[in-house]
Amino acid sequence: MSFHTISIELPVRHFSVLCAEGFRVSQGANEGEALADARELIHEDIYTLAEAARPMRLGLSAQDETGAFHVSADSALGKAGAPVYLDSLLTFMDASGDTREGLVFVEVDAAEGTVAQVYLYPLAPLLPRTGYTLITIDTTGARARLAATATVAFTRGTRITMADGRQVAIEALAPGDRVLTRDSGPQEVRWTGTQTLRATGAFAPITIAPGTLNNTGRLVVSPSHRLFIYQRVDALRAGRKEILIKAGLLVNGTTVTQEPGGFVDYYQILFDKHEIIYAEGIAAESLFVDTSTRPMLPEEVACRLSEAANPRRPHGHELREADLGARKDAAERLKRISAI
């Protein structure tokens with residue numbers, strides 16, 4: 001049986017952010033002021049999350065040549081098309097000494113050239129009635145940290161199907177090894193990367209129990225890692241049979257779980273182009289390189305990608321949360337319609 005690979009435009013990324021007005025200085029030089037861009041921030045100010053503050057969805061397109069993102073048409077926040085800049089990476093400390101990181105995005109009024117809105121993308125949960133002392137303001141490391149949140153990754157021990165049918169742990173793969181891909185047959189690994197991250201918030205891994213999606217073993221991946229589903233018929237009315245779904249959208253508390261705590265080793269695998277490979281029997285994507293993930297690559301790898309003529313576009317159509325219906329039933333529905 002042959003399959004046709006569908007290529008689409010770069011996907012919009014959605015971030016669960018807090019509006020600056022809901023995160024204000026409760027004690028310090030800027031007392032009473034909302035979170036601002038890095039130029040206005042002062043170390044040692046203590047911030048508190050408002051009781052009524054709720055995360056909302058900010059949709060951003062890929063960065064353009066100026067480095068700006070743009071608010072997507074389906075974003076719950078911001079003015080569609082408005083430029084948004086990644087401003088800084090902030091680190092806060094609570095009274096117990098635990099730290100929390102957050103990325104600051106700044107939306108600009110294109111006509112006026114002024115700040116229209118400031119958003120905080122917390123990389124770990126923030127609680128109301130808790131003081132968070134601002135201890136670092138990093139304007140150079142924000143891109144790399146954003147890349148880490150966008151990167152698709154497998155965890156240590158994940159078995160990858162090789163070109164000869166062997167099952168090899170992800171940490172044992174090296175450039176030159178040949179892996180079985182769904183659409184391109186055997187392909188050589190060009191680069192592998194490893195990150196050890198605190199397993200909280202945006203970095204807490206997703207565990208998919210054996211059999212949940214016809215997988216042979218337990219699969220543990222990063223929340224943004226997209227799984228590939230082939231529908232026999234277009235049961236989800238996605239407009240195409242080949243679809244991608246982020247693992248984080250399948251969490252149901254039973255067969256698909258997210259349990260933060262401790263640290264996690266994440267492994268990335270890169271080919272000449274975006275590929276669908278097999279991990280614990282599930283079809284899943286390899287690393288897709290775009291403006292968000294490129295900063296995490298070694299310079300020599302990034303240069304080779306820039307010189308390559310082969311376009312790197314993702315496979316299939318990405319499902320959104322609204323496409324899935326009830327979250328608790330999503331994994332079971334995908335298992336039923338899947339031809340994997």
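Q: Why does Tyr-47 count as buried?
A: Tyr-47 has 1% relative accessibility. Buried means under 20% relative accessible area, exposed over 50% and partly exposed in between (1.4 Å probe, protein chains only). At 1%, Tyr-47 therefore counts as buried.

Q: What are these values based on?
A: The model is predicted, so local features need pLDDT of at least 70 and side-chain atom pairs pLDDT 80 or more, while totals for chains, interfaces and linings use all residues. Residues are numbered from 1 along each chain as its sequence is written, and side-chain values use heavy atoms, without hydrogens or water.

Q: What makes Phe-23 and Tyr-47 a stacked pair?
A: The whole structure holds 7 aromatic pairs. In one of them, Phe-23 and Tyr-47 sit 5.2 Å centre to centre, with 20 degrees between the planes. Rings of Phe, Tyr and Trp (its six-membered ring) pair if their centres lie within 6.5 Å; planes under 30 degrees apart are stacked, over 60 edge-to-face, the rest tilted.

Q: Where in the chain do Phe-23 and Tyr-47 lie?
A: Phe-23 is in strand E2 (residues 23-27) and Tyr-47 in strand E3 (residues 46-49). They are 24 residues apart, and the pair links distant parts of the chain. Strands (E, at least two residues) and helices (H or I, at least four) are DSSP runs, numbered from the N terminus. Phe-23, at 1% relative accessibility, is also buried.

Q: Why is the pair of Phe-69 and Phe-105 called edge-to-face?
A: Their planes are 80 degrees apart and their centres 6.0 Å apart. That angle is over 60, so the pair is edge-to-face. Phe-69 lies in strand E5 (residues 69-70) and Phe-105 in strand E7 (residues 99-109), so the pair ties together parts 36 residues apart in sequence. Both residues are buried. Phe-15, Phe-69, Phe-105 and Tyr-121 form one aromatic cluster.

Q: How do you know that Arg-129 and Glu-51 form a salt bridge?
A: Their side chains meet at 2.3 Å, N to O. A salt bridge needs a side-chain nitrogen of Lys or Arg within 4 Å of a carboxyl oxygen of Asp or Glu. The pair therefore qualifies. Arg-129 lies in the loop between strands E8 (114-122) and E9 (131-138), and Glu-51 in the loop between E3 and strand E4 (56-60), so the bridge ties together parts 78 residues apart in sequence.

Q: Is Arg-129 exposed or buried?
A: At 68% relative accessibility, Arg-129 counts as exposed. Glu-51, at 43%, counts as partly exposed.

Q: What makes Arg-156 and Asp-265 a salt bridge?
A: The closest N and O atoms are 3.3 Å apart. The limit is 4 Å, so the label holds. Arg-156 lies in the loop between strands E10 (154-155) and E11 (159-161), Asp-265 in strand E21 (residues 263-270), so the pair ties together parts 109 residues apart in sequence. Arg-156 is partly exposed at 48%. Asp-265 is partly exposed at 23%.

Q: Which residues are linked with Glu-188 in a network of salt bridges?
A: Arg-190 and Asp-272 are linked with Glu-188 in that network. Within it, the closest N and O atoms of Glu-188 and Arg-190 are 3.1 Å apart. Glu-188 counts as partly exposed at 31%, and Arg-190 is partly exposed at 35%. The structure holds 11 salt bridges.
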